[in-house]
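Open the structure in your viewer and keep the sequence beside it.

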Amino acid sequence: MRLKYHDENKTVVQNITSCPDEVIDTQWANMCKHWITPAFKKKSADGTTSRKHLVMPHRAGTMSFVNHAIEKATRSVVFHKVYRPKEGKTPNPIAEEKRARMEALEREALEENGSDNDISILQVTSRDQRNGDKYSKIMGAEKPGRIHGVGSGICVTKLKWESSSNVGQSNEENAALREEIKKLKENQVDMQNNIQEERLQIEKNVDDMKKANEESQKKLMP
């Protein structure tokens, strides 16, 4: 989303007033403000550097793993999707080995239970559910403060709360932010109108000067 719609050469106001149709305006405004902070720029640069050292690069693109799991896919399904080998490219041996092991567990589950009993990471409400899925059996235990496929700073209790609560901004905050966006858009329109009026005035002045010059030339002619 940032790479597609956010232009670092534009001002914050210009980016905010260029909100994509599929994005809520208040969320877009918050993202635009966040993307220009020193903390985000440092995190982005660190991420670019870290990605160069990945031993098992994914193919999730700019979409987060959570968005890939929106369809209530299990973590093993998301893993298959984002770590699949690119057509015409040599498969990553580490990813392929883990994919094969997960597929073997999936076949065992189907043979024993007739279905895959894993749940989506977005539906996890306990550590047992998280630690008992096929993904964790292959990838190993979670690091403190992280959940594979969700990101840092997320724990099971927070994920449970966020999945059952409205984590959006309050109506008052949204209303204030929308009013700010409205004013920014109005100011931008006013600026564009002023520029247009000034351009037309300059053109008129140039035309008047040309006409005056032509009249002067006629008077000087014998």
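Select Asn-92 first: at the start of α7, one of its side-chain oxygens comes within 3.0 Å of the backbone nitrogen of Ile-94. Bear in mind throughout that this is a predicted model.

Next select residues 93-113, which make up helix α7. At 1.5 Å a residue, its 21 residues should span 30 Å, and the C-alpha atoms at its ends are 30 Å apart, so the two values agree.

Now show the side chains of Ala-95, Lys-98, Arg-99, Met-102, Glu-106 and Ala-109, which are buried in α7. They cover an arc of only 105° around the axis, and therefore lie on the same side of the helix. The general rule is that an α-helix has 3.6 residues a turn, so residues three or four places apart point the same way.

Which exposed residues does the face turned away from the buried side of α7 carry? Select Pro-93, Glu-111 and Glu-112 to see them. Then step to Gly-114, which follows α7 and has a positive phi, near 80°.

Keep α6 and α7 on screen: they pack at an angle of about 145°, their axes 10 Å apart, and their crossing is left-handed.

To see the contacts, select Ser-76, Phe-79 and His-80 in α6. These meet Ala-95, Lys-98, Arg-99, Met-102, Glu-103 and Glu-106 in α7.

Key: Residues are numbered from 1 along each chain as its sequence is written. This is a predicted model: local features need pLDDT of at least 70, side-chain atom pairs count only at pLDDT 80 or more; totals for chains, interfaces and linings use all residues. Side-chain values use heavy atoms; hydrogens and water are left out. Helices (H or I, at least four residues) and strands (E, at least two) are DSSP runs, numbered from the N terminus. The expected span of a helix is 1.5 Å times one less than its number of residues. Buried means under 20% relative accessible area, exposed over 50%, partly exposed in between (1.4 Å probe, protein chains only). The arc is that of the directions from the helix axis to the C-beta atoms. A polar contact is a pair of N or O atoms within 3.5 Å; within protein, one must be able to donate a hydrogen and the other to accept it, and residues adjacent in sequence count only if both atoms are side-chain atoms. Axes are lines fitted to C-alpha atoms, for helices over the stretch in contact, and angles run from 0 to 180 degrees between N-to-C directions. A crossing is left-handed if the near helix is turned anticlockwise from the far one by less than a right angle, and right-handed if clockwise. Contact means heavy atoms within 4.5 Å.
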